[in-house]
Amino acid sequence: MAKSTVRYVCQSCGAVHGKWAGRCDACGAWNSIAEEAAPEASPQGKALAKGRVLDFQPLSGQGEPTPRRATGIGELDRVTGGGLVAGSVLLVGGDPGIGKSTLLLQAAARLATAGAACVYVSGEEAVDQVRLRARRLGLAEAPVKLAAATSLRDIAATLDAAEAPDVVVIDSIQTMYLDTLDSAPGTVTQVRACAHELIRLAKRRGFVLFLVGHVTKEGTLAGPRVVEHMVDTVLYFEGERGHQFRILRANKNRFGATDEIGVFEMTDAGLAEVANPSALFLAERRGNIAGSCVFAGLEGSRPLLVEIQALVAPAAYGTPRRAVIGWDSGRLSMLLAVMEARCGIAFGGHDVYLNVAGGLKIGEPAADLAVACAVLSSISGVPAPADGAAFGEIGLSGEVRAVSQPDLRLKEAAKLGFASALMPRRLRSANRKSAPPEGLSVREIGHVQDILNLFPANRGKEP
Ligand code: TYD
Ligand code: MG
């Protein structure tokens, strides 16, 4: 029987199927399976040729500290763990138009100005377009080598030529193609093969490689997800289109911590670093409004104050609505259920809307106490103290649980002029009680019931 020359590959997860189907069995994605030419038969039957015997090393031993190249963009350096490591590969993912090209062009220009040999290969824009952007960013004089190319064969040959560059930006990996493969650019097969080729080159020649990858909301567009496990560092650039803040987040980092974030502001002269994000996120806050509470959060090693806004309104239709922006909606439902069960507040007849101001997404359960304050404040019509911040996780029995780094959060609140803070009880044994920062009065909350007296007015139906 003739061997089939086509195969069906899920563009979302890379699973290979024998026939086309509407839904991928492996990842459950709909309409993601595309026809691709089958690769040459692999020599599966053949025995593996004999290999070289490995030379084992002890775990202990003298290791050189990895030398790092600072980009000069503080927020980028923070996220990468202190600078770029030679031979490392970074994938920068994000929605189209979020500012990936802008960020990397700025980084390349900074590095080139500092003396590194930088190459910027654009597969999406013509050289003139990139030049135009550089001029707008005030970087036209930076000695970055620019090329518009999509053929990986040409790019690899160029990068492999005598003088290896220090930093290479490939914008984007979805536009690159290898002519040895029949699949179209952007398919999983092409993306994976091109990334593999480039990564091998980066390791061999020791240059820092930035790969740009577009991710759509559904993750359909030949997800650079297949590349994630091949690279050293995965950075996600996120933010709401309508907001000027952009957050760079490390999802994976072989050379540093993954919970650091870098905060940028998109201006008409490119991305500007935001050294004090708390001040920025609180800039538009108006005091003395019911339904708002400031959360003293933590992103990586950096404390971050954000405003949580809640609106509780009588439900107009049968099923009350719960809408959440910037936080976990399941967590809000849980919190409402806890307040209903433990404090006797009825939310059944109310719509509840929750918003994290400024377009930030919070992942921490430590926001529970601030969310509870915002919700209670809205339903009672009593504003939370304008100069107060809150943090603490709330458990199912209504207890307020300790969270990490309370001192750091308090310090940030004091620095920004807050006068009071609600926080979980400190564990006497584990945490030597350090005095709260000067000017900040701290109230320890053991149970969610303890904050009810802050919001005394008509709180729905009492049991
Ligand atoms: P871009 O870097 O092209 O996004 P990506 O590479 O992630 O697709 O950014 C495009 C957006 O950024 C575009 O909507 C315009 C905006 N922008 C500014 O607001 N100011 C600037 O200085 C630049 C260069 C872009
Ligand atoms: Mg781009």
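Mentor: Searching the whole structure, a predicted model, turns up four cavities of 30 Å³ or more. A cavity here is a set of points on a 1 Å grid over the protein atoms alone where a 1.4 Å probe fits but cannot get out. Points are joined across faces, edges and corners, and the volume is the space filled by probe spheres set on them. The largest cavity holds about 70 Å³.

Lining residues have an atom within 4 Å of a point. One stretch of the lining of the largest cavity includes Arg285, Arg286, Gly287, Asn288 and Ile289. Ser292, Cys293 and Val294 also line it. Ala384, Pro385, Ala386 and Gly388 complete the list. Strand β15 (residues 292-299) supplies the largest share, three residues. Strands are DSSP runs of E with at least two residues, helices are runs of H or I with at least four, and both are numbered from the N terminus. By class, the lining has six nonpolar, four polar and two charged residues. Ala, Val, Leu, Ile, Met, Phe, Trp, Tyr, Cys and Pro count as nonpolar, Asp, Glu, Lys and Arg as charged, and the others, Gly among them, as polar.

Now the ligand. Ligand 1 has 17 residues around it, each with a heavy atom within 4 Å. Gly97, Lys100, Ser101, Thr102 and Gly270 come nearest. By class, this shell has five nonpolar, seven polar and five charged residues.

The side chain of Arg133 places an N or O atom 3.0 Å from an oxygen atom of ligand 1. Thr267 uses a backbone N or O atom, 2.8 Å from a nitrogen atom of ligand 1. Gly270 has a polar backbone atom 2.8 Å from an oxygen atom of ligand 1. Ligand 1 alone exposes 560 Å², of which the protein buries 75% (Shrake-Rupley, 1.4 Å probe). Elements giving two or more residues to the shell are α2 (100-113), α3 (127-136) and β13 (261-267). α2 gives the most, three residues.

Next, a sheet. Three strands form an open antiparallel sheet in the order β2-β1-β3. Strands pair if DSSP finds at least two bridges between them. β2 (16-17) and β3 (33-37) are the edges, each pairing on one side only. Strand β1 (residues 6-10) and β3 share five bridges. Arg7 has Glu36 in β3 as its bridge partner. Asn31 sits in the loop between β2 and β3. Its phi is positive, near 55°, and Asn31 is not a glycine.

One more backbone detail. The peptide bond from Asp171 to Ser172 is cis, with omega near 0°. Ser172 belongs to the loop between β9 (167-171) and α5 (188-205). Most peptide bonds are trans.

For reading the values: residues are numbered from 1 along each chain as its sequence is written, chains are lettered from A and ligands numbered from 1 in the order written. Local features need pLDDT of at least 70, side-chain atom pairs count only at pLDDT 80 or more, totals for chains, interfaces and linings use all residues, and side-chain values use heavy atoms, with hydrogens and water left out.

Technical notes
On a 1 Å grid over the protein atoms alone, a cavity is a set of points where a 1.4 Å probe fits but cannot get out, and a pocket is an open set with protein on both sides within 12 Å along at least five of seven lines; lining residues have an atom within 4 Å of a point. A polar contact is a pair of N or O atoms within 3.5 Å; within protein, one must be able to donate a hydrogen and the other to accept it, and residues adjacent in sequence count only if both atoms are side-chain atoms.
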